[in-house]
Structure formats: C-alpha cells, structure tokens
Amino acid sequence: MARFGTTADYNRIRHWIEERGGHPARIKDARDSETVGVDFSSKPMEEISWDEFFQGLDGSRLAFLHRTKAQDDAARLGRIVRRRKHH
C-alpha cells in the first residue's frame with residue numbers, strides 16, 4: 001500500500017523531484033494565470049530556477065504531496081497542493 005506525505009521543506013522537495021529526473025517549471029492553470037509546477041518530461045515546459053519555484057510555493061501557500069513508500073521507489077506520484085491552515 002502506498003503512503004503519502006506533504007511537505008513544504010525545500011530540501012526534501014528538491015531531493016524527491018531531482019531523484020526522479022524532474023525539475024521546476026512554470027505552467028499555466030485553467031484561468032491562464034502563471035503557477036509553479038514540476039515537469040518530468042524530456043521536453044520541458046518553461047524551466048525556472050529552484051528559487052522561483054519555492055517563491056511560488058510560499059507566495060501561494062502551497063505544499064508538495066508525494067508518495068513516501070511504494071514498491072517502485074522511483075514512482076513519480078507527486079503534486080502541488082494547498083497548505084492546510086493551522087489553528
């Protein structure tokens with residue numbers, strides 16, 4: 001059974017993405033506003049720096065949801081999600 005974790009820790013996010021051959025990229029969402037994302041394709045979207053990527057995460061209060069345990073340790077199941085509010 002797969003397990004998932006959510007983190008906003010820059011080092012953990014960067015390590016997880018790079019270990020799987022990904023890099024930070026700029027994408028357009030459905031409303032045509034620019035957002036950050038992760039690209040694993042061989043033909044990248046608009047590649048951006050890690051600094052730009054993390055500024056986008058922090059500025060939009062986003063976190064990284066990722067698979068933490070799986071039979072295939074190289075599984076690329078990761079996505080950008082809204083951070084939970086802490087009360």
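Arg20 is buried, with a relative accessible area of 9%; buried means under 20% relative accessible area, exposed means over 50%, and partly exposed lies in between (1.4 Å probe, protein chains only). The side chain of Arg20 meets that of Glu19 in a salt bridge, at 3.1 Å from N to O. The term salt bridge stands for a side-chain nitrogen of Lys or Arg within 4 Å of a carboxyl oxygen of Asp or Glu. By this rule the count is 2 salt bridges.

The model discussed here is predicted, so local features need pLDDT of at least 70 and side-chain atom pairs count only at pLDDT 80 or more, while totals for chains, interfaces and linings use all residues. Residues are numbered from 1 along each chain as its sequence is written, and side-chain values use heavy atoms, with hydrogens and water left out.

Another salt bridge joins the side chains of Arg14 and Glu18, again at 3.1 Å from N to O. Both residues lie in helix α1, 4 residues apart, which is about one turn of the helix. Arg14 is partly exposed, at a relative accessible area of 36%, and Glu18 is also partly exposed, at 40%.

The chain as a whole may now be considered. Its secondary structure consists of 2 helices and 6 strands, where helices (H or I, at least four residues) and strands (E, at least two) are DSSP runs numbered from the N terminus. From the N terminus on, the order of the elements is β-α-β-β-β-α-β-β. Of the 87 residues in the chain, 26% are buried. The accessible surface comes to about 6500 Å², and 46% of it belongs to carbon and sulfur atoms; such areas come from the Shrake-Rupley method with a 1.4 Å probe, and for residues only the protein chains shown count as cover. Contact means heavy atoms within 4.5 Å. Among contacts between residues at least 6 apart in sequence, 47% join residues at least 24 apart.

Which residues make up the largest nonpolar core? It has 10 residues in all: Ile13, Trp16, Ile17, Ile48, Trp50, Phe53, Phe54, Leu57, Leu62 and Phe64. The elements giving two or more residues to this core are α1 (10-19), α2 (50-59) and β5 (62-69), and α2 gives the most, with 4 residues. A nonpolar core is a set of buried Ala, Val, Leu, Ile, Met, Phe, Trp, Tyr and Cys residues joined through side-chain atoms within 4.5 Å. Leaving aside neighbours within four places in sequence, Ile13 is in contact with Thr7, Ala8, Phe53, Phe54, Leu57 and Phe64.

Aromatic rings form a further topic. A search of the whole structure finds 5 aromatic pairs. Rings of Phe, Tyr and Trp (its six-membered ring) pair if their centres lie within 6.5 Å; planes under 30 degrees apart count as stacked, over 60 as edge-to-face and the rest as tilted. Trp16 and Phe64 form an edge-to-face pair, 5.2 Å centre to centre with 65° between the planes. This pair links distant parts of the chain, since Trp16 is in helix α1 and Phe64 in strand β5, 48 residues apart. Both Trp16 and Phe64 are buried.

The pair of Trp50 and Phe54 is stacked, because the ring centres are 5.6 Å apart and the planes stand at 25°. Trp50 and Phe54 are 4 residues apart in helix α2, so about one helical turn separates them. Trp50 and Phe54 are both buried. Together with Tyr10 and Phe53, they form one aromatic cluster.
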